[in-house]
Amino acid sequence: MAIVKNGTLWKDTDGNEIHAHGGYIIWHEGYYYWYGEDRRENWYVSCYRSQNLTDWEFRNHVLTTESETCSYRVRTKQILVNADGSKVNLERPKVLYNKKTGKFVMWVHFENGKDYQDAAAAVAICDTPDGDFTYLGHFNPYGYMSRDCTLFQEEDGTAYFLSAARDNADLHVYRLTEDYLNVEKVVHRLWQGEYREAPAVLKIEGRYYMMTSACTGWAPNQGKYASAAAMEGEWSMLREIGDETTYHSQPAFLLEHDGKYLYFGDRWGGNGDCYFASSYVVYPLIVENGELKLQYVEEIEL
Ligand code: GAL
């Protein structure tokens, strides 16, 4: 156990800065795997692993401009580099392990790197948690725009993809097919016109909680949350959580660890070169009289 300081770029076990922004953590066979954006070099998504959420070993650049691509029957575009040689933009990668197929499946937000008009979801797949993922390409689920996104997995394996649609005005929840490679149903079109992004979901004591941010680009804003008795059930109205900048962060994902509930957020550096100064924060989440609360801390023992 060690203490991590919020708002700093944590180092991996080799002493290098961890670049895994807008990320996600899963637990698999004794290790936590952390996936996140890595915009350096020709990389897109990097993966680190840890047994204690504090000491992170760099594993692999799991998705890069040179990743293998493969077509999949519902997808049309496998673009990892633009025609002019520039990188595309792959944001907020999330990965789940599919027990039925034995594959690790990544969903990520795709843009062309020049503007945010593709608003697409992309999928990649791998046999191991930290191997080279094969890129299956991007598409618009049922034709909808799809920007900030997350994944959520039920204990029985049912999984959901959530993303901001209609120029971020609405937040969609899609149930995934059994193999997690496609969407099979639009379950919800939530909070129409509320412009929520950066969704993150966690089940706490039998209830589902979803945190989101407002849409102010890289600048932090007032976080809100909602809850539901079931993923496909009725979601509550949005309520405020944290302060007017969500303690200077935007949600990345929520995690249960050691019986505690944790909020992982990004403290973005901004665009261009500033992006690389983006750091991480972890705040405890607590449920008190049915309300979800975020506790501001400067540092945390994980
Ligand atoms: C944020 C979003 C980030 C990134 C950024 C670009 O609102 O959450 O993932 O897309 O905008 O301005």
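These legends describe close-up views of a predicted model.

View 1. The ligand sits in the second largest pocket. Around the ligand are Glu 91, Arg 92, Tyr 116, Asp 148, Glu 197, Gly 217, Trp 218 and Gln 250. Sorted by class, this shell holds 4 charged, 2 polar and 2 nonpolar residues. Among the residues around the ligand, find Tyr 116 and Trp 218.

View 2. Start with Asp 148. An N or O atom in the Asp 148 side chain is 2.5 Å from an oxygen atom of the ligand. Next comes Arg 92. Here an N or O atom of the side chain is 3.0 Å from a ligand oxygen atom. Then look at Gln 250. One of its polar side-chain atoms lies 3.0 Å from an oxygen atom of the ligand. Now take the ligand as a whole. Taken alone, the ligand exposes 310 Å². The protein buries 88% of that area.

**View 3. Two paired strands, β12 and β13.** Strand β12 covers residues 170-176, and strand β13 covers residues 183-190. The two strands run antiparallel. They are joined by 6 bridges. Pick out Leu 171: it stands opposite Leu 190 in β13.

**View 4. The turn of the hairpin.** Together, β12 and β13 form a hairpin. Between the two strands lie 6 residues. Tyr 180 is in this turn. The phi of Tyr 180 is positive, at about 65°.

Key. Residues numbered from 1 in each chain as written. Predicted model: local features only at pLDDT ≥ 70, side-chain atom pairs only at ≥ 80, totals over all residues. Heavy atoms only, no water. Near = heavy atom within 4 Å. Polar contact = N/O pair within 3.5 Å; in protein donor to acceptor, adjacent residues only side chain to side chain. Areas by Shrake-Rupley, 256 points an atom, 1.4 Å probe, with all protein chains shown as cover. 1 Å grid on protein atoms, 1.4 Å probe; cavity = no way out; pocket = protein on both sides within 12 Å on 5 of 7 lines; lining within 4 Å. Sits in = over half its atoms within 2 Å of the grid points. Nonpolar A, V, L, I, M, F, W, Y, C, P; charged D, E, K, R; others polar. Pairing = 2+ DSSP bridges. Helix = DSSP H or I, 4+ residues; strand = E, 2+ residues; numbered from the N terminus.
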